[in-house]
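Trainee: I am new to this structure, and I would like a close look at one part of it. Could you take me through the place where two chains meet, and then show me how the parts inside one chain meet?

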Amino acid sequence: MTSRSVGVCYYPEHWPEGVWPEDVRRMAEAGLRKVRIGEFVWSRCEPAPGRYDWGWLDRAIGVLADAGLEVVLGTPTATPPKWLVDRMPDMVALDGAGRPRRFGSRRHYCFSHEGYRAECRRIVEAMAGRYGRDPRITAWQTDNEYGCHDTAVSYSPAARHAFQEWCARRYRSPDALNRAWGNVFWSMEVRDFDEVELPNLTVTEPNPAHVLAFRRFSSDQVASFNREQTEVLRKRTDADLIHNYMGRETGFDHWDVGADLDVASWDSYPIGFLSDRLDLPAEHKRLYLRQGDPDMQAFHHDLYRSVGSAKDGRSPSDGRWWIMEQQPGPVNWAPHNPAPLPGMARLWAHEAFAHGAESVLYFRWRQAPFAQEQQHAGLLRPDSVAAPGLAEAAEVAGEVADEAPGTAPGQVALVFDYPSAWAWETQPQGADFEYLHLCLTFYRAARKLGLDLDVIPAGTADLSPWPLVLIPGLATVPDALRGAIAAHGARVLAGPRANAKTPEMAIPLPLPPDLPGLDCTVALVESLPPSADMPLAGGGALTRWREALEGGADVVEALRDGRPAAMAARTEGGGRLTYLGGWPDDAAALRIVRREAEAAGLAVRDLPEGVRTRRTPTHRVWLNYAAEARDTPAGRLPPAGVIREPITGSARRASDPEDDA
Amino acid sequence: MTSRSVGVCYYPEHWPEGVWPEDVRRMAEAGLRKVRIGEFVWSRCEPAPGRYDWGWLDRAIGVLADAGLEVVLGTPTATPPKWLVDRMPDMVALDGAGRPRRFGSRRHYCFSHEGYRAECRRIVEAMAGRYGRDPRITAWQTDNEYGCHDTAVSYSPAARHAFQEWCARRYRSPDALNRAWGNVFWSMEVRDFDEVELPNLTVTEPNPAHVLAFRRFSSDQVASFNREQTEVLRKRTDADLIHNYMGRETGFDHWDVGADLDVASWDSYPIGFLSDRLDLPAEHKRLYLRQGDPDMQAFHHDLYRSVGSAKDGRSPSDGRWWIMEQQPGPVNWAPHNPAPLPGMARLWAHEAFAHGAESVLYFRWRQAPFAQEQQHAGLLRPDSVAAPGLAEAAEVAGEVADEAPGTAPGQVALVFDYPSAWAWETQPQGADFEYLHLCLTFYRAARKLGLDLDVIPAGTADLSPWPLVLIPGLATVPDALRGAIAAHGARVLAGPRANAKTPEMAIPLPLPPDLPGLDCTVALVESLPPSADMPLAGGGALTRWREALEGGADVVEALRDGRPAAMAARTEGGGRLTYLGGWPDDAAALRIVRREAEAAGLAVRDLPEGVRTRRTPTHRVWLNYAAEARDTPAGRLPPAGVIREPITGSARRASDPEDDA
Amino acid sequence: MTSRSVGVCYYPEHWPEGVWPEDVRRMAEAGLRKVRIGEFVWSRCEPAPGRYDWGWLDRAIGVLADAGLEVVLGTPTATPPKWLVDRMPDMVALDGAGRPRRFGSRRHYCFSHEGYRAECRRIVEAMAGRYGRDPRITAWQTDNEYGCHDTAVSYSPAARHAFQEWCARRYRSPDALNRAWGNVFWSMEVRDFDEVELPNLTVTEPNPAHVLAFRRFSSDQVASFNREQTEVLRKRTDADLIHNYMGRETGFDHWDVGADLDVASWDSYPIGFLSDRLDLPAEHKRLYLRQGDPDMQAFHHDLYRSVGSAKDGRSPSDGRWWIMEQQPGPVNWAPHNPAPLPGMARLWAHEAFAHGAESVLYFRWRQAPFAQEQQHAGLLRPDSVAAPGLAEAAEVAGEVADEAPGTAPGQVALVFDYPSAWAWETQPQGADFEYLHLCLTFYRAARKLGLDLDVIPAGTADLSPWPLVLIPGLATVPDALRGAIAAHGARVLAGPRANAKTPEMAIPLPLPPDLPGLDCTVALVESLPPSADMPLAGGGALTRWREALEGGADVVEALRDGRPAAMAARTEGGGRLTYLGGWPDDAAALRIVRREAEAAGLAVRDLPEGVRTRRTPTHRVWLNYAAEARDTPAGRLPPAGVIREPITGSARRASDPEDDA
């Protein structure tokens with residue numbers, strides 16, 4: 001592997017060819033190394049059915065390569081052209097209300113449409129046939145942001161047919177399906193697989209088992225759609241295959257898609273996510289208006305580092321990953337779109353590298369003055385003058401140019417699981433029970449204590465690398481993880497709602513959590529409106545969700561009225577397993593995670609508000625998300641400031657936890 | 001009639017037969033007497049078209065009856081099986097946006113579909129033919145929760161056709177319809193009944209007369225659908241016929257359906273209703289989070305006691321009614337689903353008995369671990385361990401086992417009227433003008449004063465049983481009631497918005513309220529946003545709605561600026577009729593109802609916050625809905641506490657109003 | 001031209017003929033002069049296809065004219081009858097979700113349906129043939145409230161076909177369209193015009209250029225629909241042709257429609273607009289609950305005075321205009337509908353006359369007791385008793401009877417532009433960026449300073465009449481206006497977001513604002529959530545929207561942190577052009593407009609809260625919108641009070657700006 005690199009997304013088809021050389025010269029001058037192109041070019045590469053036009057693309061690749069830039073080439077399947085949609089109008093997805101999701105923007109296809117899949121194989125074959133062995137293309141991106149704009153699901157006839165086949169494969173017989181879903185309830189039984197409907201437009205909620213099965217199916221369709229492209233590509237290229245996942249997108253299982261790819265990447269829009277896609281208090285949003293949530297990006301970094309390990313059997317802490325699109329300025333798609341604080345475009349990149357990113361590509365080179373994203377900032381303004389992001393990108397490029405990618409292994413593992421996201425979307429039971437938010441609550445607590453995390457999949461069979469393992473809201477604990485918990489010699493903190501459902505979305509017997517060695521039963525659950533937090537005796541409160549716990553295990557957290565809130569027991573492996581029966585507020589989460597971390601022998605810090613830190617093999621990186629300067633052990637950080645402190649060179653401070661590199 | 005009884009809803013089809021005997025033994029042991037079964041079993045009783053399977057149901061009935069339990073058997077028409085829907089796909093309702101309300105949950109039928117009606121007659125005939133004369137079946141429930149999930153209305157072609165026929169019967173000629181609806185307005189005139197559309201998808205609001213007619217029609221369809229079942233059943237059984245109405249459901253006229261049934265019953269989910277279906281202040285919802293609104297249940301008890309009198313010409317205060325489904329723990333369907341305070345499952349039952357319930361059945365025996373309601377508590381947990389509700393149900397069962405059903409006649413009558421609910425939904429004129437909320441405002445005031453109420457229909461022709469009659473928001477005052485008001489010798493409090501519309505949803509002439517003997521005219525109405533309450537000189541304020549009153553009657557309430565807010569006059573019968581021109585806030589409602597009650601010679605109390613009381617023929621029952629202990633004349637009540645004070649045995653207290661049993 | 005007149009809207013078809021004479025007598029008695037009739041009578045004039053019935057209309061006109069009343073006759077095309085819709089069911093519009101907007105209210109037609117257009121020409125021909133030369137008809141109204149209820153747009157097949165033809169005319173070739181819209185983005189290119197879709201139901205947002213083109217097309221369809229009627233009418237009548245525009249309606253370009261009409265008129269519902277259609281703070285809405293926003297009506301008056309100048313090349317300050325419908329009491333269509341303060345029905349009319357209205361017609365004569373608007377007040381109650389509005393209408397009628405219409409030319413011009421409204425609806429970039437609201441912010445500031453305004457179209461080529469010109473949010477500055485700015489000898493205040501888009505909804509190069517002589521570039525824009533106002537050094541703040549300004553022009557406003565917020569330069573004409581890079585809050589707007597006005601040599605006042613003033617050729621009119629009495633230089637004004645101070649007779653006061661009549 002080469003060194004860390006910075007790059008940019010570029011759309012040669014948007015600009016006159018005469019502009020390309022100067023663009024490319026400036027990219028190189030800024031120290032950029034990678035350029036992604038091509039992911040929306042179908043109408044230009046195949047302007048009419050069967051009539052290909054590669055000339056302009058050949059020339060664009062040439063200009064880029066001549067300047068020493070590495071090309072990442074996208075397959076254009078996210079934007080089928082009008083002539084193709086007109087040839088097979090039923091290829092578009094239908095939304096839950098039964099309406100077609102029509103041509104005119106992007107992602108207007110149903111993953112289950114066989115005709116469209118054939119067209120995708122054809123165009124990818126054509127593109128790979130031409131460029132697969134071209135050394136100037138160092139990586140391929142499949143499609144673009146699977147699932148974005150709620151496109152993982154479709155309620156089309158094609159989807160219904162494919163779902164029926166999927167059910168037939170999974171359940172073997174209609175009776176087995178009826179039993180698995182509990183269809184006896186409300187006379188929902190089917191006599192044949194072709195009686196299976198899609199779970200939309202029902203009078204009241206559909207069977208949650210039906211919905212979860214449909215979500216599993218929909219995820220599988222994304223993975224198999226992607227696999228059809230990777231199969232075509234693998235035959236024709238040895239370059240890295242990548243997909244750019246959209247942040248905050250849980251419509252399909254990213255590890256499943258990742259298993260067919262060499263590198264994971266994600267599209268990071270910190271300010272857009274904070275404004276549009278996080279259910280956090282208004283005051284928090286105000287404080288981080290121009291910085292983004294201080295933990296949202298890191299969480300995704302750690303997640304995609306894990307997704308990037310799916311193919312090769314690497315450790316989740318050691319996967320290959322990139323940022324494929326990094327916000328450089330205001331975006332166009334959130335309710336409000338403020339500009340980042342000066343320095344944030346650099347900070348975000350440094351944070352990604354600290355978490356192990358190989359490359360960070362800014363989106364996009366020049367702000368397009370036309371079409372949907374014309375208000376989305378680039379590194380250049382539409383008039384080609386440098387926008388604020390360019391200097392920051394160049395600064396980062398210089399700073400990391402000679403550094404090898406990598407990060408330190410996490411001290412804390414957080415189990416994240418897409419089917420759990422589907423399960424709690426299907427049946428939140430409390431209007432604000434949102435799985436990613438729950439995971440972020442625990443992730444944030446550990447990060448505020450200065451700990452390094454890995455995000456790991458539910459299928460993990462060995463927890464020994466992590467002194468502390470967090471398992472919030474994991475709907476089903478697989479056998480392998482169950483064994484790993486039992487065998488763990490250090491701390492595990494599970495709950496709330498852990499192991500609360502079978503894989504078929506039923507309540508398991510024995511009742512949850514049914515964790516190894518822990519005599520603790522959830523006797524009753526309740527969801528709570530905002531005004532009804534339940535204070536904990538030790539400080540903080542349970543919010544949104546509370547479980548009544550019974551059993552003989554040790555009570556380690558209690559409500560102020562004495563009822564148990566968390567119970568714990570020794571594991572077979574000599575560790576200690578704690579089950580928390582509720583959603584902790586931030587204060588409770590911090591207190592509880594601190595206790596667990598300390599019991600696990602981890603040194604924790606009290607980081608100032610907005611400051612975060614991450615170790616790499618060579619550095620401790622300090623980041624300031626606050627809009628004011630903050631003091632850290634490594635010195636004073638201005639707003640958006642970054643300090644990369646060499647670990648070996650750091651004088652040990654008496655007041656500070658030890659860095660065990 | 002036998003004594004009060006407690007029961008439970010049971011789903012033998014959900015469990016292995018081997019579990020039934022132990023379930024039934026525990027039911028009997030808990031003192032339960034009635035068990036409802038069968039209301040969703042179509043796919044099990046007729047697994048394929050024309051192929052009946054009664055064996056399992058025979059055996060289930062046998063097990064129940066062998067343990068001495070009485071069986072209430074439901075007709076399964078709320079959940080037509082898939083094969084039936086596939087045979088007649090147009091049997092599903094269409095929603096207001098024109099979308100099918102599809103198979104996959106329940107109530108997926110249009111009340112106007114003749115083909116589905118024929119299928120319902122067939123399955124009910126089959127079931128009644130087999131079990132109609134079976135003495136083990138002591139009652140039949142028709143269908144399940146008519147109207148729930150907004151299913152009373154449908155915009156299907158079947159509904160349109162039936163509506164046109166209904167219009168032809170009601171109006172006789174298109175011209176008459178045009179005149180009745182005022183169709184000259186906006187050139188909406190029709191030339192033939194087959195030009196009559198359903199009132200959906202119009203550019204701006206449809207003609208309110210059109211909407212009201214459609215709502216009347218939709219209600220009639222529910223009643224005739226139910227009647228088709230009762231006609232089949234009456235020929236084959238002498239058992240009581242019952243329907244379980246859903247609380248807070250005003251999609252059809254319950255008295256109309258009740259006229260064909262022996263007993264009314266309703267499904268009471270106090271915490272779900274408070275969370276999801278009452279527009280009350282957040283602080284009120286916080287105070288009663290785990291108890292439910294203190295007046296919502298009682299209002300429904302009094303309502304269904306009246307509905308239960310519809311068939312036999314009984315007094316509305318003396319109808320037969322049950323709770324068919326009583327919440328025993330957290331439900332699954334509200335935005336948030338907290339657990340009840342310990343004791344509430346008992347309190348709710350005692351309140352029902354105090355209001356005259358014959359039976360209270362908890363929903364359901366064992367929490368189902370599968371399908372839509374898996375997060376809905378039962379008396380048992382999914383693992384068959386007793387949930388908190390079981391002990392409370394058993395306690396109530398013991399307490400009421402030897403008591404005869406009955407309640408004391410109300411001192412105050414509240415007129416409630418489904419067409420008024422439709423009228424004000426059709427034309428609220430103020431966004432928050434909600435009829436049931438208005439009625440509950442007056443009901444609550446009387447209850448807080450310790451008064452016993454009856455809810456009576458608008459067709460009541462004799463008000464003499466009630467010293468005080470409340471008539472809020474009755475859109476049209478029928479002639480019989482008009483006569484009764486005139487003849488009344490005690491107090492009547494009407495308004496706001498009483499007699500404000502003709503039966504065809506027009507403003508009547510003379511202008512409202514046009515009440516007998518009262519020289520008072522509503523010169524102008526206005527609706528008010530939340531910030532614009534209008535204070536009354538006597539205390540409290542008008543909120544949401546205010547009318548300008550003119551005329552020669554006595555001004556008995558005035559705004560702070562002197563304008564009249566209520567006017568009154570002597571009735572022919574020697575009583576006094578007051579018209580209130582606005583929606584009183586809680587303080588004003590309490591003050592005004594107190595004055596009227598005292599003027600009517602009723603003794604009122606100042607009940608502590610959350611305490612309510614009701615008399616039966618033998619007891620005064622005290623209930624504490626507050627989350628803290630409260631003092632009452634009968635002693636100190638803990639949260640969820642109930643005191644049943646024998647009336648004859650109670651020492652009269654000087655400080656307390658007299659109980660006139 | 002004759003004198004100012006007051007009138008009323010009347011619906012003879014709603015009442016028995018026997019009532020007409022007394023109605024008309026009372027109208028005349030009240031001093032009313034104009035009566036509008038007929039705009040919804042299609043089903044009565046043509047009760048069956050081809051069967052006309054004019055008799056009743058002949059008689060109604062006769063009764064009115066016999067009493068000396070002038071008749072304004074409406075064409076009935078806003079309400080096609082049922083038989084017509086049944087003959088061509090595809091004539092209805094489809095909404096953005098693809099649902100038909102069906103018969104049953106009004107405006108249920110698609111402007112692009114050729115069949116319906118033919119029917120409209122036919123009925124207008126029939127009506128004009130009969131009444132065109134009838135001297136009793138002094139004016140004709142075409143249709144009714146074009147665009148109301150979101151009806152300017154339709155997504156029907158007819159609209160799609162017409163849009164494709166419109167595109168073919170505008171762009172000439174598919175390639176030109178692709179280039180104009182930037183369709184290379186996301187492979188949205190079309191190969192033929194029949195591939196052009198309507199911009200609805202896309203997966204994520206459609207191309208904003210596509211949307212803006214569709215909005216231009218939709219506006220053009222309204223204008224050509226109206227023109228078809230005026231072409232029919234011009235051949236058959238010499239009476240004034242008028243349309244009654246709905247207030248707060250920006251679905252089409254009113255100047256374009258106005259170019260075919262003699263007089264503009266608008267429908268003014270101050271309280272409904274405040275409640276329903278203005279995004280203003282709750283406290284403001286509370287203060288003006290029964291008065292309406294103090295600037296909303298005046299803004300529309302000035303707007304329609306300009307629209308009324310479109311045909312004849314008059315000055316925008318001198319157009320002919322009426323109020324066709326004036327709210328006289330509570331309306332029926334807002335979320336809450338409070339009654340006006342006593343006096344407001346008179347104040348609103350006087351304000352209209354002060355701004356130059358020829359006539360003010362109240363809507364409506366008698367409150368209809370039936371159909372959709374039965375809760376809408378009239379001058380009479382449904383029982384024919386005078387409602388409060390009648391006396392106020394009569395009072396105004398008396399006050400203005402001998403006065404010539406007219407107003408004073410504005411001191412300040414505000415450029416208003418429908419395409420800018422479409423542009424910012426298409427791409428707000430900040431959720432609360434609303435063009436009319438932005439314009440009203442500047443309009444309000446000038447009005448609070450006692451200044452008189454003209455609203456002028458973006459095509460204005462000579463700004464010399466106005467010492468101060470305000471150009472907020474004008475998406476594209478046309479060449480003529482650009483020249484006028486350069487040549488202007490006084491003050492111009494432009495921005496934010498002025499000249500920010502090309503006519504094809506792209507970002508122009510050079511970057512905005514690119515105004516003549518002003519070295520100022522918007523380097524970056526950002527939208528701000530409510531909590532993130534940015535204080536200005538001089539007081540007040542930028543809110544919702546902020547631009548980073550660069551360039552060599554003078555910095556005349558700065559943020560508190562010193563960054564420029566407004567820049568200015570001398571114009572070629574010797575004036576001064578200022579560009580403001582943000583949305584000023586009310587305090588900043590008042591301060592900045594005051595400075596500009598004073599610099600322009602205009603005398604400003606500090607009007608008390610709620611007081612407004614306007615000059616006519618003969619009077620200075622003082623209006624009190626406050627609910628409390630207010631002192632003015634002309635004396636103390638009670639709530640809703642009006643003082644009309646003769647200008648020549650007014651003693652000059654030392655403390656007061658000079659009135660230069």
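A word on the ground rules. This is a predicted model, in which local features need pLDDT of at least 70 and side-chain atom pairs count only at pLDDT 80 or more, while totals for chains, interfaces and linings use all residues. Residues are numbered from 1 along each chain as its sequence is written, chains are lettered from A and ligands numbered from 1 in the order in which they are written, and side-chain values use heavy atoms, with hydrogens and water left out.

Now to the place where chain C meets chain A. Chain C brings 47 residues to the contact and chain A brings 53 residues (contact means heavy atoms within 4.5 Å). About 4300 Å² is buried between these two chains, with carbon and sulfur atoms giving 56%; buried area is the accessible area (1.4 Å probe) that two parts lose on being put together, summed over both. On the chain C side, C:Phe185, C:Trp186 and C:Val203 lose the most area to chain A, together 19% of what that side buries.

Chain C and chain A share 5 salt bridges, each a side-chain nitrogen of Lys or Arg within 4 Å of a carboxyl oxygen of Asp or Glu. A:Arg381 pairs in this way with C:Glu550, and their closest N and O atoms are 3.2 Å apart. Strand S13 (residues 521-527) of chain C gives the largest share of the side that touches chain A, 6 residues; strands (E, at least two residues) and helices (H or I, at least four) are DSSP runs, numbered from the N terminus.

Where they meet, 27 residues of domain 1 of chain A are in contact with 22 residues of domain 3 of chain A, and about 2000 Å² is buried, of which carbon and sulfur atoms give 59%. In domain 1 of chain A, A:Thr250, A:Asp295 and A:Phe299 lose the most area to domain 3, together 31% of what that side buries.

There are 6 salt bridges between domain 1 and domain 3 of chain A. A:Asp295 forms a salt bridge with A:Arg444, with the closest N and O atoms 2.8 Å apart. The elements giving two or more residues to the domain 1 side are helix H9 (254-258) and helix H12 (296-307) of chain A. Of these, H12(A) gives the most, with 8 residues.
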